Amino acid sequence: MAKSSADDEELRRACEAALESTKEKITMTIRVAKSRGIWAKTGKLGRSHTAKPRVLAISSKAKGQRTKAFLHVLKYSAGGVLEPAKLYKLKHLSKVEVVTNDPSGCTFMLGFDNIRSQSVAPPQWTMRNVDDRNRVLLCILNICKDILGRLPKVVGIDVVEMALWAKENTPAFTKQHTNLQDGPITAAVEEREMKVTVERELVSQAEEEDMEALLGTYVMGIGEAEAFSERLKREVQALEAANVHAILENEPLIDEVLQGLEAATSCVEDMDEWLGIFNLKLRHMREDIESIESRNNKLEMQSVNNKALIEELDKLLERLRIPSEYATSLTGGSFDEARMLQNIEACEWLTNALRGLEAPNLDPSHANMRAVKEKRSELDKLKTTFVRRASEFLRNYFTSLVDFMISDKSYFSQRGQLKRPDHADLRYKCRTYARLLQHLKSLDKNCLGPLRKAYCTSLNLLLRREAREFANELRASTKASRNPTVWLEGSMGSNQSVNSADTSTVSDAYSKMLTIFIPLLVDESSFFAHFMCFEVPALVPPGGLANGNKSAHEEDDANYDDLGIMDIDETENKAGKNTGELEALNESLHDLLDGIQEDFYAVVDWAYKIDPLRCISMHGITERYISGQKADAAGFVRILLDDLESRISMQFSRFVDEACHQIERNERNVRQLGVLSYIPRFATLATRMEQYIQGQSRDLVDQAYTKFVSTMFLTLDKIAKADPKYEDIMLLENYAAFQNSLYDLANMVPTLAKFYHEASESYEQACTRHINVIIIYQFERLFQFVKRIEDLMYTIPPEEIPFQLGLSKMDLRKVVKSSLSGVDKSISAMYKRLQKNLTSEELLPSLWDKCKKEFLDKYDSFAQLVAKIYPSETIPSVSEMRDLLASM
C-alpha cells in the first residue's frame with residue numbers, strides 16, 4: 001500500500017507554520033482534492049468543475065476546561081506556501097456523507113448546520129484511496145465523540161465496516177488519559193506507523209464475541225454475511241409461525257379469560273355509575289363551597305377597604321386640623337421679639353398646610369371634597385388676616401424705629417464733631433423680622449410692595465438727615481482760603497501773581513464725604529435687597545466694598561448685609577438674574593436714596609467756590625469710585641456717582657468758559673503792544689492744574705487746555721489784526737512768550753506739546769513775514785528789479801531780458817549803485833528798524849540772525865540771476881556781503 005500523505009512530516013510542519021498564530025494543536029494533516037458538487041434533480045450530488053489541491057488540518061485548542069475542535073482548509077499560494085483558506089468548527093458538524101456517484105468511494109462531503117446559504121452545494125473532498133478516507137473520517141468521528149460528546153449523522157458508509165477496518169489497521173493503541181483539569185482527552189494518530197487509534201470502539205468487545213459465537217454456531221465465516229442474513233430471516237419466520245400455532249391450541253383457556261373479562265366489565269360499569277353519582281354530588285358541594293368562599297372574599301375585601309378608607313380619612317382630617325396655638329398666633333398674636341419664634345412656626349405651618357392642599361401634594365380625588373374646599377377657604381382667611389396684621393405692624397415698626405433715631409441728636413454730626421452714620425442697631429432690629437418677611441413673600445407676594453415703600457420712605461428721611469448734618473459740619477470744619485476765579489482777566493497787570501493758597505483740604509473733605517457715604521449707601525442697598533427678599537444677585541461681592549478700601553470700622557460692619565437667615569426653600573436655585581426683580585429693586589432704591597444727592601452737590605458747589613481747580617481732583621476721586629462699582633451693583637449708587645461726575649464736569653466747564661471770556665475781553669482794550677497778560681498767566685494756571693490731576697482726570701484737563709489755547713490763539717490773532725502795521729511783531733512776541741513759558745510742561749503733557757509746536761510754526765511764519773517787510777523796505781529798488789527779471793523768465797529766454805525796457809545793463813548798474821553804494825548804512829538802518837518796534841529785547845539776537853540769513857539768501861538769488869543774464873557785469877560778491885554782515 002502506498003504511503004499516505006498523513007505520514008508526511010514536511011506537510012505537518014508546513015501546516016503548523018501556517019497556523020502558528022492560532023496556537024492550536026494539530027492532530028492530523030492530509031492532502032485532498034476539492035471539487036464543487038451540483039444539486040441534481042434527484043437531490044443527489046454530481047461532480048463538476050476542476051479539482052483543486054487542498055490540505056485538511058484537524059486541530060484542537062484548550063480554552064479553560066473546554067476544548068474546541070477545528071477543521072482548517074489550507075491552499076497553496078503563488079509561491080507554493082500553505083496559507084489558511086477556510087475554517088470550520090467541528091461543533092457545527094451535523095452530517096458526514098460518502099458520495100455514491102463516485103465508484104471508488106474516496107469522495108465525501110461534510111455538512112455544517114451554521115452555513116448561511118443552504119442553496120450553495122457544499123464542497124466535496126476526494127482522497128487518494130479508501131484508507132485515507134477512513135483515516136480522516138475516523139479521526140473526525142473520534143474527536144466529535146470525545147470532545148463534543150456526540151456523533152454526526154453518517155450517510156453512505158457502514159459503521160460496522162468502519163469498525164472492522166479500524167481494527168485491522170490498528171496494530172497498537174496509544175491512549176492518552178489526562179485529567180480534565182489539565183486539559184481534554186485527545187486522540188493521537190501516529191501517521192508514520194500507520195496507526196489509527198480509536199479511544200472508544202464503535203462495536204464493543206462483548207458484542208463482537210457474541211457475533212463470533214453466533215457465526216460459529218452456523219459454521220460460517222465473516223465473509224458470508226448475506227447467507228447468514230438469509231438464514232436468520234428464515235428462522236425468524238419459523239418462530240413466528242410456531243407462536244401463532246401455540247395461540248390457536250390454547251382456545252379454551254382464552255374463552256375462560258374472556259368470560260372473566262365480561263364479569264369484570266360489568267363490575268366496572270356498575271362502579272362507573274356509582275362514581276358518576278358521587279361526582280355529581282361532589283360537583284354540587286364544590287359549587288356551594290366556591291359560593292361561600294366568594295362571599296367571604298368579598299366581605300374580607302370590603303373590610304380591608306373600609307380599614308384603609310378610615311386610615312386615609314384620619315390622615316386627611318389630621319392635615320385639615322388647625323392647631324389652636326397656631327390659629328391664635330395667626331389671628332391675634334403679638335409681634336414682639338419674644339413672640340417671633342412662635343409666629344415663624346405658625347407661618348411655616350400655614351405655608352405647608354396651603355401647599356399640602358395644592359396639586360401634586362393633594363390627591364386629585366380629594367380636591368373636590370367639600371371638607372377640603374371649606375378648609376382651604378378657612379386657611380385663605382387665616383393667611384389674609386395674618387398678612388394684613390403683619391404688614392400693618394411692620395409699616396408702623398419701620399416708622400417708629402426711624403423716628404426714634406431722628407429724635408436722638410447723638411446719631412448725627414454736631415458742631416465741632418463729625419459723626420460717622422452707624423446703622424448696626426437699626427439692622428439688628430430689622431434682622432429680627434427678616435424671616436417673617438420671607439414667609440410673607442411666600443404667602444402673598446403683593447404685600448411686599450407697600451412694605452418696601454414704607455421702609456424706603458422711613459429710611460430715606462434718616463439717610464438724608466445724616467448726609468445733610470455731615471455735609472454741613474464737614475464744610476464748617478474745613479478751613480481753606482478762597483482762591484480767585486479770575487485767572488486770565490486782562491485788567492490785571494501782567495506782572496501780578498495769582499494767589500495760590502493751599503486748598504487741598506477742600507478735595508480731602510469731598511473724598512471723606514464719599515469714603516463715608518458711598519460704602520454706607522452700597523451696604524444699605526445690599527441689606528435692603530436681601531431684607532426685602534429681592535431675587536437678585538448679591539450687590540456687593542463677599543468681602544468686597546464699593547471703593548476697594550477697607551477701614552477698621554468697615555471691617556466691623558462687613559457682615560451688615562448678612563441677614564443670618566436661610567432661604568425657606570433651599571432647593572430652589574436663584575442664581576439667574578431676574579430682569580423684572582432688578583427693575584423693581586432699582587425703583588425701590590430710588591425711593592430709598594433719592595434726595596441724598598443734593599448734599600453731595602452742595603459739597604461740590606462749596607468746593608468750586610473756594611477753588612474751581614479743585615474740580616480736577618474731585619473728578620479723579622469720583623472716577624476712582626465709579627471704577628470700583630460693578631455694572632450690576634447698587635444701581636442708584638452708580639447713578640449718584642455718575643451725576644456727581646457730571647456736576648463736577650459742569651462746574652469745571654463753567655470755570656473754563658469764564659476764563660475764556662476773560663481772555664476774549666482782552667481784545668476790547670485799547671491798542672496793546674508786547675506780550676499779552678494771559679500768556680504767562682496761562683502757564684501758571686496750567687502748572688496748577690497739573691498738580692491737581694488724579695486718576696482719570698487727564699481727559700477733563702486736556703479738554704480745558706484745548707479750549708484755553710484755542711481761545712488764546714484766536715484772541716491773539718484778532719488783537720494783532722487790529723493794527724496791521726505791528727501785526728507780525730505782536731504775533732511773534734506772544735508766540736515766543738507762549739513757548740518760553742510752557743517749555744517744561746510741553747515735555748510732559750502731550751496736549752500742550754501739540755499746541756507748543758503749533759505756536760512754534762506760527763512764530764516762524766510771523767518772523768519770516770516781519771523780516772521780509774524790513775528787508776524789502778530797505779532794499780526795495782534792488783529786489784523789485786529782481787522780481788521783474790523773475791517774472792519775465794517765465795515768458796522769454798534769459799538772453800533776451802537785457803534788451804527789455806528798464807532791464808538793460810545800464811539799468812542794472814543804476815540799481816546796484818543806488819542800493820549797494822552805502823550798503824553798510826542800509827544794513828545798520830535795517831537793524832535799527834528791527835530793534836525799534838520790538839518790546840521783547842531777548843528776541844532781538846535771534847531775529848537779527850534770521851534777518852541776516854534771509855538777506856543773504858535773497859542777495860545770493862540776485863547774484864545768480866546777474867551771473868546768468870548779465871555775465872559781463874560785476875557786483876559785490878556774496879562772500880563779501882556775508883563778511884560785511886558778520887562784522888556788524
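I call a residue buried under 20% relative accessible area, exposed over 50%, and partly exposed in between (1.4 Å probe, protein chains only). The model is predicted, so I take local features only at pLDDT of at least 70 and side-chain atom pairs only at pLDDT 80 or more, while totals for chains, interfaces and linings use all residues. Residues are numbered from 1 along each chain as its sequence is written, and side-chain values use heavy atoms, with hydrogens and water left out.

Entry on L261. I found L261 in helix α6; helices here are DSSP runs (H or I, at least four residues), numbered from the N terminus. Its relative accessibility is 47%, so I list L261 as partly exposed.

Entry on α2. I checked the length of helix α2 (residues 130–148): its 19 residues should span 27 Å at 1.5 Å a residue, and the end C-alpha atoms are 26 Å apart, which agrees. The expected span is 1.5 Å times one less than the number of residues. I noted 15 of the 19 residues of α2 as buried, so the helix is mostly covered. Just after α2, I read a positive phi of about 75° at G149.

Entry on L640. I located L640 in helix α19 (residues 635–664). L640 has a relative accessible area of 2% and is therefore buried. Beyond its neighbours within four places in sequence, L640 is in contact (heavy atoms within 4.5 Å) with I518, L521, I596, Q597 and F600. I also looked up D594, 46 residues from L640 along the chain; their C-alpha atoms are separated by 9.3 Å.

Key
Helices (H or I, at least four residues) and strands (E, at least two) are DSSP runs, numbered from the N terminus.
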